[in-house]
Protein chains: 2
Amino acid sequence: MADVARHAGVSTMTVSRALKNEAQVSSPTREKIFRAVSELGYVLDQAAGSLSSRKTGFIATLIPSINNSNFSDTARGITDELERTGLQLLLGYTDYSEDNEEKLIEAMLRRRPEGVILTGGVHTPHTRRMLSSASIPVIETWDLPPEPIDQVVGFSNEEAMRLLITTLAAKGYRRFGYVGGRTTRDSRGEQRRKGFMRALDELGFVPGRIVSWGVPPISIEHGGPAIMTLLERWPDTEVVAFVSDLPAFGALMECKRRNIQVPERVAIAGFGDYEVGGFSHPRMTTVNVDCYGIGKLAARRVIELLQAGSRNRHDEIILTSFRVVEREST
Amino acid sequence: MADVARHAGVSTMTVSRALKNEAQVSSPTREKIFRAVSELGYVLDQAAGSLSSRKTGFIATLIPSINNSNFSDTARGITDELERTGLQLLLGYTDYSEDNEEKLIEAMLRRRPEGVILTGGVHTPHTRRMLSSASIPVIETWDLPPEPIDQVVGFSNEEAMRLLITTLAAKGYRRFGYVGGRTTRDSRGEQRRKGFMRALDELGFVPGRIVSWGVPPISIEHGGPAIMTLLERWPDTEVVAFVSDLPAFGALMECKRRNIQVPERVAIAGFGDYEVGGFSHPRMTTVNVDCYGIGKLAARRVIELLQAGSRNRHDEIILTSFRVVEREST
DNA sequence: CTGTTAGCGCGTTCAC
DNA sequence: GTGAACGCGCTAACAG
């Protein structure tokens, strides 16, 4: 930058000001500076700037998987919202592991992000400690944590699944099956299962008929074997709800392959409204979640908190919408 | 850090050394320091460190879309490979636009990445200029650019599509259709189309039968309308190749919906070997590309170049594999 | 509108 | 094995 200043015959401070479009710099001076900048191919060093201004312009975001379009939609929402403010997303994926999350948080905190956006409400104690001593806005998304760290942008996975089941019950279905992942790695999956069981309980239907298959996140490949196992064990099952559209789609295709009529012989419903379910044959009944909106809102909330500073700040829970999308598979 | 040093009764320099597991720090001193660190909840400030050591530990990566599992697989490969070295990925998506790419590169260069990994070989002149004056390793992936900026890790999309067509021709197919995107936004798509046309030419088949549908990247939803248009226009088409599995899947499902037999009435082939094609009914013939490997190799190459410094450096083109996966849809 | 001074929080370099 | 001085490239705060 000193080079640029010399070339333009001004001080570095003026260059700094001109480059940030900030404050008062006269047009001729500004022009000289920009000419020098492009002649020298100069690019501002934001690392140095951050050190001085104590603002890094980073927002750290952790999602379980970058390959899951639900979560990458959220990441898109965040990026799109941050774009206009010049904030830069620092993205990591935890692979559904709290320990990975902890390591990533630690690494990211070294970069001094101005805000953190997490997925879900389950974290290691050390993660919670690091986050609160960082004293920056923390937003948990995609869930309604019982003890939020700070702010929340999400919805109740339990309620969403419950709504799906009651909607299906209203169509006359009685004997429900459920397919989810085996371990406790995916807390959103657990919530959904809870919602399933609660709905059956409230409706007075027989419980059970639950198949746990594969380590979450279970994907397309797990759907086929899971539904076959379920139908073998409980042949009179009328409808099967899946923890996500992905295994539901796998199940749907396996049924077609084996000439099992969907929804006549067995109906299938997913969760998440992935693109694949909207175009499969038959089209899949599912629960639509506002993935992109979660990202947008979370990012907007961070921005607001950053602008408000510490004053005027109150914790808040922002609820995002979900709705059942009834299609041909039920 | 000064706080920590005071607590431990040593100088900041010793703290710095201990925290980086570096060099000689006696065990008792080291222990005192770590105790102070955890008591104070201290986290190293890497921005300050970067300024001093002139190493940011950032690798900038640009992919066209974060929602496309082919590219997010590449991003995973990069992250996984970088992880052990402590390098941090700075990820952006261009939305298939060279202008977005330029803006993102400019923003990322301000963070002084130590290397850049791009998708494809088409960039604006200004992008190329910025990149070469940054004098850091630049890797172009997913393509074989005629004029590489620096290093390349990719494959010929043209050859890959050509291989698919010749494989299908060997099965006896003669009347080929093709579905791709409409504009020139997606250079990999263009290469594939070129490969399609060249193959037909070499085989002496009639050309034509090409439907351009939607703005790239075309997705599942475009597949149905596109294949219907194609079959209406050229009813005797025997097989249709798609620029990607996604529209191919959409077409497959539309055919099932309309009771058009696949592959008997018309065969369908995709590109990219997305998970959805491996479990659809019928399962989809496609071209498998080593998405994850591209990321791994690109990251490894960056790491190598960083370790080698400027000496001992030679530009290189690393070819990644592809193969036709024949399944039930052809 | 522009310049000067004084750090930001580390790592480098050299001394001890 | 440890410490002191200095500087990385920029910007905040104040002065002019």
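Mentor: Gladly: a residue is buried if 20 or more other C-beta atoms lie within 10 Å of its own, exposed if 12 or fewer, and partly exposed in between, with C-beta atoms placed from the backbone. This is a predicted model, so local features need pLDDT of at least 70 and side-chain atom pairs count only at pLDDT 80 or more, while totals for chains, interfaces and linings use all residues. Residues are numbered from 1 along each chain as its sequence is written, and chains are lettered from A and ligands numbered from 1 in the order in which they are written.

Trainee: Is Ser135(B) buried or exposed?

Mentor: Ser135(B) is exposed, because 9 other C-beta atoms lie within 10 Å. Ser135(B) sits in the loop between helix 7 (125-134) and strand 4 (138-141) of chain B; helices (H or I, at least four residues) and strands (E, at least two) are DSSP runs numbered from the N terminus. The phi of Ser135(B) is near 45°, a positive value in a residue other than glycine. Arg54(B) also has a positive phi, near 60°, and belongs to the loop between helix 4 (46-53) and strand 1 (58-63) of chain B. Arg54(B) counts as exposed because it has 10 C-beta neighbours inside 10 Å.

Trainee: Why does Arg209(B) count as buried?

Mentor: Arg209(B) is buried because 20 other C-beta atoms lie within 10 Å. Its place is in the loop between helix 9 (187-203) and strand 7 (210-212) of chain B. Leaving aside neighbours within four places in sequence, Arg209(B) is in contact (C-beta atoms, placed from the backbone, within 7 Å) with Phe176(B), Gly177(B), Tyr178(B), Leu230(B), Trp234(B) and Thr237(B). For a partly exposed case, take Arg35(B), with 13 other C-beta atoms within 10 Å; Arg35(B) is found in helix 3 (residues 27-40) of chain B.

Trainee: Which residues touch the most other members of the largest nonpolar core?

Mentor: In soluble globular proteins, nonpolar side chains tend to be buried together. A nonpolar core here is a set of buried Ala, Val, Leu, Ile, Met, Phe, Trp, Tyr and Cys residues joined through C-beta atoms within 7 Å. The largest one has 162 residues, and Val179(A), Val240(A), Ile268(A), Val179(B), Val240(B) and Ile268(B) touch the most other members. Val240(A), in strand 8 (residues 239-242) of chain A, counts as buried because it has 30 C-beta neighbours inside 10 Å. Val179(A) in turn touches residues including Trp213(A), Leu230(A), Val240(A) and Phe242(A).

Trainee: At what angle do helix 5 and helix 13 of chain A pack?

Mentor: Two packed helices are described by the angle between their axes and the distance between the axes. Axes are lines fitted to C-alpha atoms, for helices over the stretch in contact, and angles run from 0 to 180 degrees between N-to-C directions. Helix 5 and helix 13 (residues 291-308) of chain A pack at about 40°, with axes 7 Å apart. The residues of this contact divide into eight nonpolar, five polar and six charged. For these classes, Ala, Val, Leu, Ile, Met, Phe, Trp, Tyr, Cys and Pro count as nonpolar, Asp, Glu, Lys and Arg as charged, and the others, Gly among them, as polar. In chain B, the axes of helix 5 (residues 69-83) and helix 13 (residues 291-308) come within 7 Å and cross at roughly 40°.

Trainee: How many residues does each chain give to the contact between the chains?

Mentor: Chain A supplies 38 residues and chain B 37 residues. On chain A, the elements that each supply at least two residues include helix 5 (69-83), strand 2 (88-93) and helix 11 (245-257). By class, the side of chain A that touches chain B has 14 nonpolar, 13 polar and 11 charged residues.

Trainee: What about chain A as a whole, and where are the cis peptide bonds in chain B?

Mentor: Chain A has 13 helices and 12 strands, and buried residues make up 51% of its 330 residues. The C-alpha atoms of chain A fill a box of roughly 85 × 40 × 30 Å along the principal axes. As for cis peptide bonds, one joins Pro216(B) and Pro217(B), with omega about 0°. Another joins His281(B) and Pro282(B), with omega about -5°. Pro282(B) is in the loop between helix 12 (275-279) and strand 10 (286-289) of chain B.

Technical notes. Contact = placed C-beta atoms within 7 Å.
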